[in-house]
Amino acid sequence: MAKLTVEDLELKGKKVLMRVDFNVPLKEVDGQQEVANDNRIVAALPTIKYVLSHGGRAVLFSHLGRIKSEDDKPALSMKPVAQRLADLLGQPVTFVPAIEGPELEDAINKLEDGQVLIFENTRYADVVDGEVVKRESKNDPALGAYWASLGDIFVNDAFGTAHRSHASNAGIAANIAQTAAGFLMEKEIKFLGGAVENPERPFVAIIGGAKVSDKITIIQNLLEKADKVIVGGGMAYTFAAAKGEKIGNSLFEEDKVELAKQLIADAGDKLVLPVDAVAADKFANDADSYVAEGDIKDGYMGLDIGPKSVELFKSVLADAKTVVWNGPMGVFEMPNFAKGTLAIGEELVKVTEKGATTIVGGGDSTAAIQQLGVADKLSHISTGGGASLEYLEGKTLPGIAAISEK
Ligand code: AMP
């Protein structure tokens, strides 16, 4: 990998600024905020422990939720996160209830090798004296420069915000000598970046979900890069309509039909569409349903891919060496329309066992993989929804672009 990673850094005695993704769900217990799910904190431990065990002085920060007014601040403080981090690390974590100023500067200067502090939610900077100023979210240059001045080097391990140019990622990176990827970031770059830049072939992409308009750029980018692009989910019905099929009440984006026609014509057999659907008379798990091949009856809507599509998609996946999957094949939240999505998840486990690299790109497909309990059997489950989408769309992510080259 061409990007600098935390393992390339000289850490001993250095003040190491660390952008982590501690945007965790909180819950109120007896009037106090507590961390409701610490997956993201646990995921960040390897990079934090690496820095501490190599003598770094870790200065941690993250955003947490969205701050739109002063009133949002108390419930979105990093304090409960600091407590949970201390428990997980098994060492004290100093919490500084500020994002700038002498209290923070003093605390950083007092850190010794192997010690760690975390400061307040970076998005506190988005509202100042009641006014929405978005200093963090709009990458105010002075804020990035100030945060950079607090440390010697910068480790960015927050992939989830890599598609945004914020003061706490791109802003700091622009003002500090070295920016390196943490282990989580490194893994995302390796798998998602590797798939779009240099995939082992055949490279098969599976794109599903509700709307063509949300995923059209991904489909276009992947048609250029992949050997096959499978399209399923609600968006497939706009393609079916473009082929002249009747789609009943299925999801349909009329303004995307021409584009769908053009993609079908240009892509040839590279684009693989469903050949049947599970059609239902209402959007409900207990709907009356049947398998439609070709036209869907009036009054019915396609809510899942049918068994022949599952077999077709499996045959396309059979000899794949790289697979990227984003978006469900149907309304997988309803058990009766989850079969297509779950079958794809199971097939991905099989192709992984045969040696393929399999990557799930965040969001609902990740939920499906977790429902199947096979997350650890695939090569990589991306932690970033929006970030992984934009990566697959072929966009440059500001947070990754800002990491120094080796
Ligand atoms: P996305 O966020 O674009 O990945 O879309 C995910 C959503 O698409 C899920 O909530 C699915 O229930 C929904 N979805 C998938 N297939 C269909 C379908 N055939 N009709 C309606 N919604 C669908």
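**Rings and cores in a predicted model**

Modeller: Lys297 lies over the face of Tyr300, 5.0 Å from the ring centre. This is a predicted model: local features need pLDDT of at least 70, side-chain atom pairs count only at pLDDT 80 or more, and totals for chains, interfaces and linings use all residues. Residues are numbered from 1 along each chain as its sequence is written, and side-chain values use heavy atoms, with hydrogens and water left out.

Colleague: What makes a charge sit over a ring?

Modeller: NZ of Lys or CZ of Arg must be within 6 Å of the ring centre and within 35 degrees of the ring normal.

Colleague: Which ring does the charged end of Lys297 sit over at 4.7 Å from the centre?

Modeller: That of Tyr290.

Colleague: Why is the pair of Phe119 and Trp147 called tilted?

Modeller: Rings of Phe, Tyr and Trp (its six-membered ring) pair if their centres lie within 6.5 Å; planes under 30 degrees apart count as stacked, over 60 as edge-to-face and the rest as tilted. Here the centres are 5.8 Å apart and the planes are at 35 degrees, so the pair is tilted. Phe119 belongs to strand β6 (residues 116–119) and Trp147 to helix α4 (residues 141–149), 28 residues apart. Helices (H or I, at least four residues) and strands (E, at least two) are DSSP runs, numbered from the N terminus.

Colleague: How do you know whether Phe119 is buried or exposed?

Modeller: Buried means under 20% relative accessible area, exposed over 50%, partly exposed in between (1.4 Å probe, protein chains only). Phe119 has 0%, so Phe119 is buried. Trp147, at 1%, counts as buried too.

Colleague: What kind of aromatic pair do Phe159 and Tyr391 form?

Modeller: A tilted one, 6.1 Å centre to centre with 35 degrees between the planes. Phe159 is buried at 2%, and Tyr391 is buried at 8%.

Colleague: What makes a nonpolar core?

Modeller: A set of buried Ala, Val, Leu, Ile, Met, Phe, Trp, Tyr and Cys residues, joined through side-chain atoms within 4.5 Å. The largest here has 60 residues; Phe22, Ile48, Leu60, Leu85 and Trp147 have the most contacts inside it. Helix α1 (residues 39–53) gives the largest share of this core, 7 residues.

Colleague: Which residues does Leu60 touch?

Modeller: Among them are Phe22, Ile48, Leu85 and Phe119, not counting residues up to four places away in sequence. Contact means heavy atoms within 4.5 Å.
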